[in-house]
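The stops below go from the whole chain to single side chains.

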Amino acid sequence: MALPPVLRDRLRLPVIGSPLFIISVPDLVIAQCKAGIVGSFPALNARPASLLDEWLHRITEELAAWDRDHPDTPSAPFAVNHIVHKTNDRLEHDLEASTKWKAPIVITSLGAREDVNAAVHSYGGVVLHDIINDRFGRKAVEKGADGLIAVAAGAGGHAGQLSPFALVQELREWFDGPIALSGSIANGHAILGAQAMGADLAYMGSAFIATQEAAADPAYKEMIVASSGDDIVYTNLFTGVHGNYLKPSIIAAGMDPNDLPHSDPSKMNFGSGGNQKSKAWRDIWGCGQGIGAVKSVPTVAELVGRLSDEYERAKSELATKTSFTAGRVLMAAE
């Protein structure tokens, strides 16, 4: 599984910080890239649309300055996320901006289009498309995506229902390109686990919501710290697409998390759900099942440092277990 140079040579950890609607802003993206992981943000977070050019200018310039000052620890690349669904009337504008600034990585969601991929490839960019099943993965690659983001069960926000074991296994039967795995990954052991399953990278979001640089309500961050996997509800009510949300935020919005109606998927709405007084993402807070590992609200650098330590410890522990098992097999053979 060969990774393109942009994802192989400049990462401290094999991690992409996923684009978090409303929450991922330049402060978070820049901090993630400086810490050595891919930082990303949804283009739609820049409002009004004209702000996107300013964000891309700032991110590009600040990371270039960091690289000049820290040649031994250069920044990781950044990524822009484009919603390719027909309801996104900003797509053409936003794609033009990310092409102008030559975003190293573009993440596409909710639809795959050959012209979008061609625009990114025109300057040497890499396209990663997020998918929830094998069928969508095949369509994305057929239309020119360079890699896939396997959004498995337990991921925050819009998420699939397949086990990560099943999803990666099916993709690897035919695809040898880059795969990032999303779904309940919140510590270094899980990052290594994603690789052991056949993915190249871990795709992490929820743990970064509870960081100091994230543009999330402080109450949102504290709710993540106080919650566990049992506090996650899977529903399509709020946007028309199934996703995982924090149960306490649903209760705070005046709804019963155990008795939520279903939404009409044909009426996708990325602003509000069934309760017009409560907007998805602003009041109803997305989160993944892995948040039991989140115990505080650190800086991004502190979180990546912890993840790195855990990842190296996990590799060491795995090597020890493998050596022990091999020794027992050898003794039995004798």
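A residue is called buried under 20% relative accessible area, exposed over 50% and partly exposed in between, with a 1.4 Å probe and protein chains only. This is a predicted model, where local features need pLDDT of at least 70, side-chain atom pairs count only at pLDDT 80 or more, and totals for chains, interfaces and linings use all residues. Residues are numbered from 1 along each chain as its sequence is written, and side-chain values use heavy atoms, without hydrogens and water.

The C-alpha trace spans about 70 × 50 × 40 Å along its principal axes. Of the 334 residues, 53% are buried.

Next, show the aromatic rings. Four aromatic pairs are found in the whole structure; rings of Phe, Tyr and Trp (its six-membered ring) pair if their centres lie within 6.5 Å, with planes under 30 degrees apart counted as stacked, over 60 as edge-to-face and the rest as tilted.

Select Phe-41 and Trp-55, an edge-to-face pair with 5.7 Å between centres and 65° between planes. Phe-41 is in strand β2 (residues 39–42) and Trp-55 in helix α3 (residues 51–69), so the pair ties together parts 14 residues apart in sequence. Phe-41 is buried at 0% relative accessibility, and Trp-55 is buried at 12%.

Then move to Trp-174 and Phe-175. Their ring centres lie 5.5 Å apart with the planes at 50°, so this pair is tilted. Trp-174 is partly exposed at 27%, while Phe-175 is buried at 8%.

Conventions
Helix = DSSP H or I, 4+ residues; strand = E, 2+ residues; numbered from the N terminus.
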